[in-house]
Amino acid sequence: MIALATLVAVPGLAAQAQSAPKAVSVHSGWGAFRDGERCYAIALAEPTPYARERQPFASVSVAPGAERFTMRLSRTIARDAIVTLDVGNRRFRLNGGGDSAWGKDSAADVGGGNEAIVAAMRSRDTMTVGARDTQGRLFRDAYRLKGAPTAIDAAIIACSR
(Lines give C-alpha, C1' and ligand atoms only; values in the text may rest on other atoms or scores of the structure.)
Protein backbone atom coordinates (compact mmCIF):
# COMPACT_ATOMS: atom_id res chain seq x y z
CA MET A 1 0.00 0.00 0.00
CA ILE A 2 2.85 2.41 0.77
CA ALA A 3 4.37 2.04 -2.72
CA LEU A 4 0.98 2.53 -4.35
CA ALA A 5 0.18 5.48 -2.12
CA THR A 6 3.33 7.20 -3.35
CA LEU A 7 1.83 7.19 -6.85
CA VAL A 8 -0.63 9.89 -5.84
CA ALA A 9 2.32 12.24 -5.48
CA VAL A 10 3.66 11.47 -8.97
CA PRO A 11 3.91 14.69 -11.01
CA GLY A 12 1.03 14.86 -13.44
CA LEU A 13 -1.37 12.77 -11.37
CA ALA A 14 -1.28 15.02 -8.32
CA ALA A 15 -1.26 18.16 -10.47
CA GLN A 16 -4.57 17.10 -12.05
CA ALA A 17 -6.23 16.63 -8.68
CA GLN A 18 -8.21 19.35 -6.97
CA SER A 19 -7.73 17.43 -3.72
CA ALA A 20 -5.69 14.39 -2.78
CA PRO A 21 -6.86 11.14 -4.40
CA LYS A 22 -8.65 8.74 -2.07
CA ALA A 23 -7.46 5.14 -1.88
CA VAL A 24 -10.34 2.76 -2.56
CA SER A 25 -8.58 -0.62 -2.29
CA VAL A 26 -5.39 -2.57 -3.07
CA HIS A 27 -5.27 -5.92 -4.89
CA SER A 28 -1.96 -7.80 -5.38
CA GLY A 29 0.06 -4.68 -6.13
CA TRP A 30 -2.68 -2.83 -8.04
CA GLY A 31 -4.45 0.03 -6.28
CA ALA A 32 -7.82 1.62 -6.98
CA PHE A 33 -8.16 5.37 -6.34
CA ARG A 34 -10.82 8.05 -6.67
CA ASP A 35 -9.79 11.59 -7.58
CA GLY A 36 -12.91 13.73 -7.74
CA GLU A 37 -14.96 12.48 -10.69
CA ARG A 38 -12.08 10.36 -12.00
CA CYS A 39 -11.28 6.85 -10.78
CA TYR A 40 -8.37 4.66 -11.77
CA ALA A 41 -6.46 1.45 -11.13
CA ILE A 42 -2.68 1.82 -11.01
CA ALA A 43 0.47 -0.24 -10.41
CA LEU A 44 4.23 0.21 -10.37
CA ALA A 45 6.40 -1.76 -12.79
CA GLU A 46 8.36 -4.72 -11.48
CA PRO A 47 11.87 -3.95 -10.19
CA THR A 48 14.72 -4.33 -12.69
CA PRO A 49 18.52 -4.36 -12.44
CA TYR A 50 18.73 -1.92 -15.37
CA ALA A 51 19.00 1.86 -15.00
CA ARG A 52 15.76 3.83 -15.09
CA GLU A 53 15.25 7.56 -15.54
CA ARG A 54 12.05 7.42 -13.46
CA GLN A 55 9.69 4.97 -11.76
CA PRO A 56 7.29 3.59 -14.38
CA PHE A 57 3.62 2.85 -13.75
CA ALA A 58 0.55 1.66 -15.64
CA SER A 59 -2.93 3.06 -15.12
CA VAL A 60 -6.48 2.39 -16.27
CA SER A 61 -8.75 5.40 -15.84
CA VAL A 62 -12.40 4.36 -15.73
CA ALA A 63 -14.48 7.50 -15.42
CA PRO A 64 -16.07 9.44 -16.88
CA GLY A 65 -16.94 7.28 -19.86
CA ALA A 66 -14.77 4.59 -21.37
CA GLU A 67 -11.71 2.96 -19.90
CA ARG A 68 -8.41 4.62 -20.85
CA PHE A 69 -5.02 2.90 -20.59
CA THR A 70 -1.92 5.03 -19.92
CA MET A 71 1.66 4.41 -18.83
CA ARG A 72 4.59 6.39 -17.58
CA LEU A 73 7.72 4.81 -19.02
CA SER A 74 11.03 4.25 -17.26
CA ARG A 75 12.90 6.15 -19.97
CA THR A 76 12.16 8.99 -22.40
CA ILE A 77 11.36 7.49 -25.79
CA ALA A 78 12.99 8.49 -29.07
CA ARG A 79 10.92 10.80 -31.24
CA ASP A 80 10.27 8.09 -33.87
CA ALA A 81 10.04 5.17 -31.41
CA ILE A 82 7.45 2.47 -31.81
CA VAL A 83 5.97 1.58 -28.43
CA THR A 84 4.66 -1.97 -28.11
CA LEU A 85 2.68 -3.52 -25.28
CA ASP A 86 2.62 -7.30 -24.88
CA VAL A 87 -0.20 -8.59 -22.71
CA GLY A 88 0.18 -12.34 -22.50
CA ASN A 89 0.25 -13.44 -26.14
CA ARG A 90 -1.41 -10.24 -27.48
CA ARG A 91 0.61 -7.34 -28.88
CA PHE A 92 -0.62 -3.75 -29.09
CA ARG A 93 0.97 -0.68 -30.61
CA LEU A 94 0.61 2.32 -28.30
CA ASN A 95 0.72 6.03 -28.98
CA GLY A 96 3.58 7.66 -27.14
CA GLY A 97 5.73 10.70 -26.56
CA GLY A 98 8.27 11.84 -24.00
CA ASP A 99 7.93 9.59 -20.97
CA SER A 100 4.34 8.46 -21.64
CA ALA A 101 2.43 5.94 -23.72
CA TRP A 102 -1.30 5.41 -24.07
CA GLY A 103 -3.87 3.20 -25.75
CA LYS A 104 -5.49 4.20 -29.00
CA ASP A 105 -8.96 5.70 -28.89
CA SER A 106 -10.91 2.93 -30.61
CA ALA A 107 -10.74 -0.75 -31.41
CA ALA A 108 -10.79 0.25 -35.08
CA ASP A 109 -7.27 1.69 -34.69
CA VAL A 110 -4.47 -0.59 -35.87
CA GLY A 111 -3.31 -2.74 -32.98
CA GLY A 112 -6.47 -2.36 -30.93
CA GLY A 113 -7.71 0.32 -28.62
CA ASN A 114 -8.16 0.90 -24.92
CA GLU A 115 -11.02 -1.59 -24.60
CA ALA A 116 -8.99 -4.39 -26.20
CA ILE A 117 -6.00 -3.67 -23.96
CA VAL A 118 -8.09 -3.70 -20.78
CA ALA A 119 -9.86 -6.90 -21.88
CA ALA A 120 -6.48 -8.57 -22.44
CA MET A 121 -5.27 -7.34 -19.02
CA ARG A 122 -8.26 -9.05 -17.41
CA SER A 123 -7.30 -12.47 -18.76
CA ARG A 124 -3.47 -12.55 -18.64
CA ASP A 125 -0.81 -12.77 -15.93
CA THR A 126 1.84 -10.33 -17.19
CA MET A 127 2.40 -7.41 -19.53
CA THR A 128 5.51 -5.67 -20.80
CA VAL A 129 5.96 -2.41 -22.66
CA GLY A 130 9.00 -1.79 -24.80
CA ALA A 131 10.49 0.96 -26.95
CA ARG A 132 13.75 2.64 -27.92
CA ASP A 133 14.94 5.54 -25.75
CA THR A 134 16.54 8.83 -26.84
CA GLN A 135 19.99 7.16 -26.70
CA GLY A 136 18.85 4.43 -29.11
CA ARG A 137 18.72 1.73 -26.40
CA LEU A 138 15.87 -0.74 -26.21
CA PHE A 139 14.12 -0.96 -22.85
CA ARG A 140 11.22 -2.89 -21.35
CA ASP A 141 9.05 -2.33 -18.29
CA ALA A 142 7.24 -5.39 -16.89
CA TYR A 143 4.06 -5.69 -14.82
CA ARG A 144 2.21 -8.46 -13.00
CA LEU A 145 -1.53 -8.41 -13.67
CA LYS A 146 -2.79 -10.60 -10.81
CA GLY A 147 -4.73 -7.81 -9.04
CA ALA A 148 -5.50 -5.66 -12.09
CA PRO A 149 -9.05 -6.92 -12.86
CA THR A 150 -10.19 -6.51 -9.25
CA ALA A 151 -8.61 -3.03 -8.96
CA ILE A 152 -10.21 -1.93 -12.25
CA ASP A 153 -13.61 -3.19 -11.03
CA ALA A 154 -13.13 -1.41 -7.68
CA ALA A 155 -12.39 1.83 -9.54
CA ILE A 156 -15.50 1.38 -11.71
CA ILE A 157 -17.66 0.82 -8.62
CA ALA A 158 -16.10 3.82 -6.82
CA CYS A 159 -17.05 6.15 -9.67
CA SER A 160 -20.55 4.72 -10.09
CA ARG A 161 -21.56 5.99 -6.65
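Let me start with Asp-99, which forms a salt bridge with Arg-54, the closest N and O atoms being 3.4 Å apart. By salt bridge I mean a side-chain nitrogen of Lys or Arg within 4 Å of a carboxyl oxygen of Asp or Glu. Asp-99 sits in the loop between β7 and β8 (100-102) and Arg-54 in the loop between β3 and β4, so the pair ties together parts that are 45 residues apart in sequence. Helices (H or I, at least four residues) and strands (E, at least two) are DSSP runs, numbered from the N terminus.

A word on the source: this is a predicted model, in which local features need pLDDT of at least 70 and side-chain atom pairs count only at pLDDT 80 or more, while totals for chains, interfaces and linings use all residues. Residues are numbered from 1 along each chain as its sequence is written, and side-chain values use heavy atoms, with hydrogens and water left out.

Back to the charges. Asp-99 counts as partly exposed, at 25% relative accessibility. Buried is under 20% relative accessible area, exposed is over 50%, and partly exposed is in between, with a 1.4 Å probe and protein chains only. The count of salt bridges comes to nine. Another one is between Arg-75 and Asp-133, at 3.2 Å, N to O. That pair links distant parts of the chain, with Arg-75 in the loop between β5 and β6 and Asp-133 in the loop between β9 and β10, 58 residues apart. Both Arg-75 and Asp-133 are buried. Asp-133 also meets Arg-137 in a salt bridge, at 2.7 Å, N to O. Arg-137 is partly exposed, at 40% relative accessibility. Shared partners join Glu-53, Arg-54 and Asp-99 into one network of salt bridges.

Now the sheet. What is the order of its strands? The open sheet has 10 strands in the order β1-β2-β3-β4-β5-β8-β7-β6-β9-β10, with antiparallel pairing. Two strands pair if DSSP finds at least two bridges between them. At the edges stand β1 (22-27) and β10 (138-144), each with a single partner strand, so one side of each is left without a neighbour in the sheet.

Take strand β6 (residues 83-87). Five of its five residues are buried, so β6 is largely enclosed by the rest of the structure. Val-83, Leu-85 and Val-87 point one way, and Thr-84 and Asp-86 the other. In a regular strand the side chains alternate between the two faces of the sheet. On one side, β6 pairs with β7 (residues 90-97) over five bridges, and Leu-85 has Phe-92 as its bridge partner.

Last, the disulfide (a pair of cysteine sulfur atoms within 2.5 Å). Which cysteines does it join? Cys-39 and Cys-159 are joined, S to S 1.9 Å. Cys-39 lies in strand β3 (residues 38-44) and Cys-159 in helix α4, so the pair ties together parts that are 120 residues apart in sequence. The torsion about the S-S bond is about 95°, so the disulfide is right-handed. Cys-39 is buried, with a relative accessible area of 0%.
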